[in-house]
Amino acid sequence: MRYLLLLFITIYLNALDIQKPKIYEKNKHNIKNWYMSEKLDGIRAYWNGKEFLSKNGNKIYAPLWFIKDFPSFELDGELWTKRDDFETIQNIVLDKTPSTEWGKITYNIFEVPNTKGAFSNRLEKIDFYLKKHPNKYIKIIPQIICKDETHLNEYLNELLEKKAEGIILKNPYLEYEKGRTNNSLKVKTFFDDEAIVIGHNFNKEKKFKSLIVKQKNGVIFNLGGGFSNKQRENPPKIGEIISFKYYGFTKNGKPKFASFLRIRKKE
């Protein structure tokens, strides 16, 4: 148990100091005239001007032909193929021996870190670069000006029907800032998080019932929903990191109505 906890802590101690969105709250945030864009369900990648790093600070082994015409300045974005394709993306991007499958990947930019100016000015930097140096592997995620709450909900429903994950809202007026910020917000119909598997529960027939998982904040709970029959026959192993979705918290601080999403490879 101690080893697993240390493993989980180590993963997050090495995390990059990059911008992280908070959760949108209708009664708290005024998002009129903010930018909104689709939240892509891929692998977040930080381009430091020379190579890709994962959100946890580990190198992503992209092939040289993929990155050879990338800019020398920093970028933040999502390595992605298409909606509802996370398993494929993960297998391609996190392979330490990059394959020709990288040809299916695009790097979708949502931020230009450590660049002066408001959000639109920062995006103009990469837009200007791409006009001079066209690159089929780099795309800028389209931004829409949010008129009001109704507009936000209409766009969210439109995306969800297409199996998208949600929306990112950005304050258009402020300069880039690192860390968890109220100037970048995520809008989803559910929350998600990660936890490490520390045990299994079985029923009287010795069949898998649920995982015992531990979040990075130390909360331990049983996770039994969201598994297919095939996954129940071969559930995630102790020590593996899993993603799960949930809908708020119980009075004891545990994720409410939590269900399994996927095994998360080390990034």
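Visitor: Phe66 and Phe70, buried or exposed?

Guide: Phe66 is buried, and Phe70 is buried too. Keep in mind that this is a predicted model.

Visitor: How are the rings of Phe66 and Phe70 arranged?

Guide: They make a tilted aromatic pair, with 5.8 Å centre to centre and 40 degrees between the planes.

Visitor: Which aromatic cluster are they in?

Guide: Phe66 and Phe70 belong to one cluster with Trp47, Phe52, Trp65, Trp102, Tyr107 and Tyr137.

Visitor: And how many aromatic pairs does the structure hold?

Guide: There are 20 aromatic pairs. One of them is Phe221 with Phe244, an edge-to-face pair at 5.3 Å centre to centre and 70 degrees between the planes.

Visitor: Where in the chain do Phe221 and Phe244 sit?

Guide: Phe221 is in strand 14 (residues 220–223) and Phe244 is in strand 15 (residues 241–246). They are 23 residues apart, so the pair links distant parts of the chain.

Visitor: Why does Phe221 count as buried?

Guide: Because its relative accessibility is 6%, and the cut-off for buried is under 20%. Phe244 is buried as well, at 0%.

Visitor: New topic: salt bridges. How many in the whole structure?

Guide: The search finds 19. Take Lys39 and Glu165, whose side chains meet at 3.3 Å, N to O.

Visitor: Where are Lys39 and Glu165?

Guide: Lys39 is in strand 2 (residues 35–39), while Glu165 is in the loop between helix 5 (149–161) and strand 10 (166–170). That's a link between distant parts of the chain, 126 residues apart. Lys39 and Glu165 are both buried.

Visitor: What network are they linked in?

Guide: A network of salt bridges that joins Lys39, Glu165, Lys188 and Asp192. Within it, Lys188 and Asp192 form a salt bridge at 2.6 Å, N to O.

Visitor: What about Glu111 and Arg122?

Guide: Their side chains form a salt bridge too, at 2.7 Å, N to O. Glu111 is in strand 7 and Arg122 in helix 4 (residues 119–132), 11 residues apart. Glu111 is buried at 1% relative accessibility, and Arg122 is buried at 2%.

Visitor: OK, domains. What does the assignment give?

Guide: Domain 1 covers 19–188 and domain 2 covers 191–263. Their centres, taken over C-alpha atoms, are 28 Å apart.

Visitor: How many residues are in contact between them?

Guide: Nine residues of domain 1 touch five of domain 2. The two domains bury about 510 Å² between them, with 38% of that on carbon and sulfur atoms.

Visitor: And how many salt bridges across that interface?

Guide: Four, by the rule used.

Visitor: What does Arg262 do around Phe86?

Guide: Arg262 lies over the face of Phe86, at 4.0 Å from the ring centre. Arg262 also meets Glu87 in a salt bridge, 3.8 Å N to O.

Visitor: Last one: where is Pro98 found?

Guide: In the loop between helix 3 (86–93) and strand 7 (106–111). Pro98 counts as partly exposed, at 34% relative accessibility. Leaving aside neighbours within four places in sequence, Pro98 is in contact with Tyr61, Ala62 and Pro63.

Definitions and conventions. Residues numbered from 1 in each chain as written. Predicted model: local features only at pLDDT ≥ 70, side-chain atom pairs only at ≥ 80, totals over all residues. Heavy atoms only, no water. Phe/Tyr/Trp six-rings, centres within 6.5 Å; stacked < 30°, edge-to-face > 60°. Buried < 20%, exposed > 50% of the residue type's maximum accessible area, 1.4 Å probe, protein only. Helix = DSSP H or I, 4+ residues; strand = E, 2+ residues; numbered from the N terminus. Lys NZ or Arg CZ within 6 Å of the ring centre and 35° of its normal. Domains from an automatic or database assignment. Contact = heavy atoms within 4.5 Å. Buried area = accessible area lost by both parts, 1.4 Å probe.
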